[in-house]
Amino acid sequence: MSAEPPQPTGHQVGRDLWRGFRHLLYPATCGGCGALLPPTEDAFCPSCVQALTSDPFDTCPRCASTLGPFVVRSEAGCGRCRAQSFHFERVDRRGPYTGLLRELVLRCKQPGGEGLAARLGELWAAHAGPRLAAMHADLVVPVPLHWRRRWWRGFNQSEVLAEALARAVCLPCWSAAVRRIRPTPQQTAQPAAQRLENVRGAFRAKPSPRLEGRTVLLVDDVLTTGSTASEAAGALKAAGAARVVVAVVAHDRA
Ligand SMILES: [Zn+2]
Ligand SMILES: [Zn+2]
């Protein structure tokens, strides 16, 4: 005997009706390519979802670098990170910093990019939720901007992403856990060798029972050398965190 398909709840019917009605009045457009969306979608079209959620490469579990076709994945790291010491334990990425993912990460930092960051965060969470849950974190913390940059931009895109991830994995998000105590020149403007010096001592976290013995999931938009995430992780550990694991939208193999 075949099982009856599950019946939609009243809440789902109401939500779908509202979505259809809203779509008639204001047809939604894809946050990636701008195409008109079908009534069943309200963030990205199917081909942008495919482009934003598929990572064609195997990655290093320690630093999230793309691994070449003949490189064996190892918990000890890859040729790029094995000689580096990090305050975090591992990195999970949505994809490489190329194509549409790179374009959207850059657009998220533009004025008005907060809504796009929220949509990208929700998509990321919907597709990476189980992997992130497997990192066994107790709370989610974004890599902070210095207050002046945050004030100028009006929001921190990593905070918007962190909030979306935290909702999806049912964890608290604590945006004020770590602060950037001095402004630092953009890491992308620095040669790789100077990036660690550029951010050394740039973060501070207050010791707190909320961090004591906990595993923190640290969230950022892009990771390149890992220096920024490592310094922020070091501050969280100095304030009591036991472990820090990192989730980034994109890994930039600079
Ligand atoms: Zn699209
Ligand atoms: Zn690595």
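**Exercise 1. Which β-α-β unit do β5, helix α8 and β6 make, and what is its hand?**

Before we start: this is a predicted model, in which local features need pLDDT of at least 70 and side-chain atom pairs count only at pLDDT 80 or more, while totals for chains, interfaces and linings use all residues. Residues are numbered from 1 along each chain as its sequence is written, and chains are lettered from A and ligands numbered from 1 in the order in which they are written.

*Solution.* 

Step 1. Find the elements. Helices (H or I, at least four residues) and strands (E, at least two) are DSSP runs, numbered from the N terminus. Here helix α8 covers residues 227-238, strand β5 covers residues 215-223 and strand β6 covers residues 243-251.

Step 2. Learn the test. A crossover is right-handed if, with the strands pointing away from the viewer, the path from the first strand over the helix to the second runs clockwise.

Step 3. Apply the test. β5, α8 and β6 make a right-handed β-α-β unit.

**Exercise 2. Work out the order of the strands in the open sheet.**

*Solution.* 

Step 1. Recall that two strands pair if DSSP finds at least two bridges between them.

Step 2. Collect the pairs. Strand β1 (residues 90-96) pairs with β6 in the parallel sense over 6 bridges. β5 and β6 run parallel and are joined by 8 bridges. β2 and β5 also run parallel, with 4 bridges joining them.

Step 3. The open sheet has 4 strands in the order β1-β6-β5-β2, and the pairing is parallel. β1 and β2 (139-142) are the edge strands, as each pairs on one side only. On average, neighbouring strands of this sheet are turned by 20° against each other, direction ignored.

Step 4. Check with some residues. Glycine 95 has alanine 250 in β6 as its bridge partner. Valine 216 stands opposite valine 244 in β6, and valine 216 is also the bridge partner in β5 of leucine 139. Likewise, leucine 218 has valine 246 in β6 as its bridge partner, while valine 141 stands opposite leucine 218 in β5.

**Exercise 3. How many residues of β6 are buried, and how many of β5?**

*Solution.* 

Step 1. Use the cut-offs: a residue is buried if 20 or more other C-beta atoms lie within 10 Å of its own, exposed if 12 or fewer, and partly exposed in between, with C-beta atoms placed from the backbone.

Step 2. Read off the strands. In β6, 8 of 9 residues are buried, so this strand is mostly covered. β5 is mostly covered too, with 8 of its 9 residues buried.

Step 3. See what lies on the sheet. Helix α4 (residues 114-133) lies across β1, β5 and β6 and runs at about 135° to β1. α6 packs on the sheet as well, touching β2, β5 and β6, and its direction makes about 130° with that of β5. Touching, or contact, means that the C-beta atoms of two residues, placed from the backbone, lie within 7 Å.

**Exercise 4. Describe how α3 packs against α2 and against α4.**

*Solution.* 

Step 1. Know the geometry. Axes are lines fitted to C-alpha atoms, for helices over the stretch in contact, and angles run from 0 to 180 degrees between N-to-C directions. Angles under 35 degrees count as roughly parallel, over 145 as roughly antiparallel, 65 to 115 as roughly perpendicular and the rest as oblique.

Step 2. Take α2 (residues 46-53) and α3 (residues 99-108). They pack at an angle of about 90°, with their axes 8 Å apart, and are therefore roughly perpendicular to each other. Cys48, Ala51 and Leu52 in α2 meet Gly99, Leu100 and Leu101 in α3. This contact has 5 nonpolar, 1 polar and no charged residues. In this sorting Ala, Val, Leu, Ile, Met, Phe, Trp, Tyr, Cys and Pro count as nonpolar, Asp, Glu, Lys and Arg as charged, and the others, Gly among them, as polar.

Step 3. Turn to α3 and α4. Their angle is about 135° and their axes are 8 Å apart, which makes α3 oblique to α4. Leu104, Arg107 and Cys108 of α3 make the contact with Leu116, Ala117 and Leu120 of α4.

**Exercise 5. Is alanine 64 buried or exposed, and what is its phi?**

*Solution.* 

Step 1. Alanine 64 is found in the loop between α2 and β1.

Step 2. Alanine 64 has 27 other C-beta atoms within 10 Å, so it is buried.

Step 3. Its phi is positive, about 70°, although alanine 64 is not a glycine. Most residues other than glycine have a negative phi.
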